[in-house]
Amino acid sequence: MKAVRLLFLAVFSLAILFAQSADTRIALQDLLDALADPEVAKVPQLSDSILRNGIQFDLKDEVLGKILDAGRQGKRDPKEMATLITVALSACQDCRARYLTPMSLEELQTLLKRFTPEAVSREVRARGVTGLEMSGATANVLRAWGAKEDLIAFLVPDDKIPTIPLQPPYQMAPLSRAQEYDPAAKEGWLRISAELAPSSQTEFFFKHNALFVKPLQGEEPKQVQAYFNKPAPRNKTAEFIDAECGLESPAIACGQEAKDEKRGGLRSVLPKNTKSKAALIEYSYAAPDGDGRAGFQITVANPEKTAQKYSVYLRWRVLDSPKPPPPSLGGKGGKR
């Protein structure tokens with residue numbers, strides 16, 4: 001027995017002093033033998049050896065039970081045993097892999113009941129969560145479980161929640177995120193290019209993070225391409241939206257380059273010195289729906305007898321305070 005102890009001490013000493021050998025990790029049976037016999041080594045020495053060299057075994061329930069039994073057999077100090085197990089867990093390759101695997105929805109729900117929001121947030125950010133559907137319903141479920149808004153925003157970012165498709169005859173059109181995409185940008189913009197059929201009129205509806213299109217007159221547009229830098233406003237009425245829209249090709253724009261008319265809540269943009277009474281482009285702000293999703297409706301007309309390619313731009317800002325009402329048309333006393 002004495003020879004076995006001396007051999008075991010020699011193995012541990014070599015593991016500590018010659019870490020560059022092929023595999024100096026501590027084997028399970030060597031650790032159990034050392035714990036069961038207090039004359040072989042002290043627990044802090046074993047912990048130090050594990051810390052330096054690692055272990056060859058996985059710390060499953062059965063293995064942990066054997067380690068605890070060996071510690072009881074050797075009448076080891078429970079506090080020192082606790083430290084040894086903690087060190088072994090940190091040195092366990094398979095254990096670390098298990099700890100870093102994404103958690104399930106069931107595990108997340110359990111953690112939200114037991115841990116502080118800060119602790120849950122740290123673990124979720126380190127591990128992630130599997131089985132999450134990017135939807136408003138998922139966000140509401142997380143709220144019901146007690147998740148805080150910052151955790152919900154991390155797991156289910158609002159700008160990644162798909163937009164519910166509009167009813168036909170609307171069809172979803174291609175919409176890509178621009179290279180400078182930033183949901184926190186102060187100013188939002190949308191650019192659409194499309195080939196419009198002769199004598200046609202087309203409506204584009206930009207809502208949240210999706211673009212829809214429907215022909216109002218003539219054939220549907222072709223070669224539609226669109227980019228945006230942030231989602232459309234949410235939970236904001238028209239009084240808080242400062243927007244402009246226009247055509248880049250043909251060269252028609254809003255502001256000083258155009259004549260504006262108010263018609264049925266739509267802002268009509270006419271090219272300068274135009275002889276046509278019909279607007280080539282008009283747009284309106286669509287009020288938020290039940291989920292707070294707002295958007296912009298843009299109508300583009302091609303009065304030409306041949307197909308034309310148009311490039312539309314939209315820019316908007318969300319104001320801190322509502323815009324003042326338009327001035328009265330009738331001066332003093334409401335008369336002109």
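Accessible areas here come from the Shrake-Rupley method with a 1.4 Å probe, and for residues only the protein chains shown count as cover. This is a predicted model, where local features need pLDDT of at least 70 and side-chain atom pairs count only at pLDDT 80 or more, while totals for chains, interfaces and linings use all residues. Residues are numbered from 1 along each chain as its sequence is written, and side-chain values use heavy atoms, with hydrogens and water left out.

Q: What share of the accessible surface of the protein belongs to carbon and sulfur atoms?
A: The accessible surface comes to about 20,100 Å². The part that belongs to carbon and sulfur atoms is 53%.

Q: Is L211 buried or exposed?
A: Buried means under 20% relative accessible area, exposed over 50%, and partly exposed in between (1.4 Å probe, protein chains only). L211 sits in strand 5, residues 210–217; strands (E, at least two residues) and helices (H or I, at least four) are DSSP runs numbered from the N terminus. Its relative accessible area is 1%, so L211 is buried.

Q: Which residues does L211 touch, leaving out those up to four places away in sequence?
A: Contact means heavy atoms within 4.5 Å. Going by that, L211 touches Q171, M172, A173, P174, L175, I192, F204, F205, F206 and A226.

Q: Which strand supplies the largest share of the lining of the largest cavity?
A: On a 1 Å grid over the protein atoms alone, a cavity is a set of points where a 1.4 Å probe fits but cannot get out, and lining residues have an atom within 4 Å of a point. The largest cavity is lined by I192, S193, A194, L196, F204, V300, Y310 and V312. Strand 3 (187–196) and strand 12 (308–318) each give at least two of the lining residues. The largest share, four residues, comes from strand 3.

Q: What is the volume of the second largest pocket?
A: A pocket is an open set of grid points with protein on both sides within 12 Å along at least five of seven lines. Points are joined across faces, edges and corners, and a volume is the space filled by probe spheres set on them. For the second largest pocket, that comes to about 450 Å³.

Q: Which of the 22 lining residues are closest to the centre of the second largest pocket?
A: Helix 9 (136–145) and helix 10 (149–155) each supply at least two residues of this lining. Closest to the centre are G136, D158, I161, R234 and R293.
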